[in-house]
Amino acid sequence: LGSTRVNENDLELHARFLPPNAAGLFFLSSGVGSQPLGGGILCLGGTVIRLPVVVASAEGQASYSVDLTTLPPAGAGIVSGSTWYTQLAHRDTPAFGFFNYTNASSLMFE
């Protein structure tokens with residue numbers, strides 16, 4: 001949600017269909033990958049930025065407002081014209097390897 005316009009700096013990441021009250025971490029990355037881990041596939045590669053912990057609601061939704069000006073190192077190359085990718089890693093049941101991933105999404109910054 002929000003905008004991928006760098007000068008507006010109002011990007012908000014959202015995930016849904018999570019286990020209720022599950023802790024998770026959103027990641028941003030400069031590239032793609034395909035690494036089986038836990039109960040899913042980590043789809044990120046290149047420079048990877050871990051964002052602070054979020055907790056899903058009782059309905060299984062989580063969100064995080066990204067401040068592009070505070071990402072390490074100094075914006076981490078998130079500039080107009082760049083494409084970055086995002087994915088959420090979250091706690092899951094032992095049947096799914098204790099942690100799992102959402103689908104990844106691409107973000108084309110303007």
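Predicted model: local features only at pLDDT ≥ 70, side-chain atom pairs only at ≥ 80, totals over all residues.
Good morning. I begin with the largest pocket, which holds about 360 Å³ of space. Of the 22 residues that line this pocket, H14, A15, T102, N103 and S105 are the closest to its centre. Which elements give two or more residues to the lining? They are β1 (12-15), β5 (83-91), β6 (99-101) and β7 (105-108). By residue class, the lining comprises eleven nonpolar, eight polar and three charged residues.

I turn next to aromatic contacts. The structure contains one aromatic pair. The ring centres of F99 and Y101 lie 5.9 Å apart with their planes at 80°; since planes over 60 degrees apart count as edge-to-face, the pair is assigned to that class. Are the two partners buried or exposed? F99, at 33% relative accessibility, counts as partly exposed, while Y101 counts as buried because its relative accessibility is 14%, under the 20% limit.

Finally, I come to L11, which is found in the segment before β1. With a relative accessibility of 4%, L11 counts as buried. What does L11 touch, if residues up to four places away in sequence are not counted? Its contacts are L1, S3, T4, Y64, S65, V66, L107 and F109. One of these, L107, stands 96 residues from L11 along the chain, and the C-alpha atoms of L11 and L107 are separated by 9.8 Å.

Thank you for your attention.

Terms used
Residues numbered from 1 in each chain as written. Heavy atoms only, no water. 1 Å grid on protein atoms, 1.4 Å probe; cavity = no way out; pocket = protein on both sides within 12 Å on 5 of 7 lines; lining within 4 Å. Points joined across faces, edges and corners; volume = space filled by probe spheres on them. Helix = DSSP H or I, 4+ residues; strand = E, 2+ residues; numbered from the N terminus. Nonpolar A, V, L, I, M, F, W, Y, C, P; charged D, E, K, R; others polar. Phe/Tyr/Trp six-rings, centres within 6.5 Å; stacked < 30°, edge-to-face > 60°. Buried < 20%, exposed > 50% of the residue type's maximum accessible area, 1.4 Å probe, protein only. Contact = heavy atoms within 4.5 Å.
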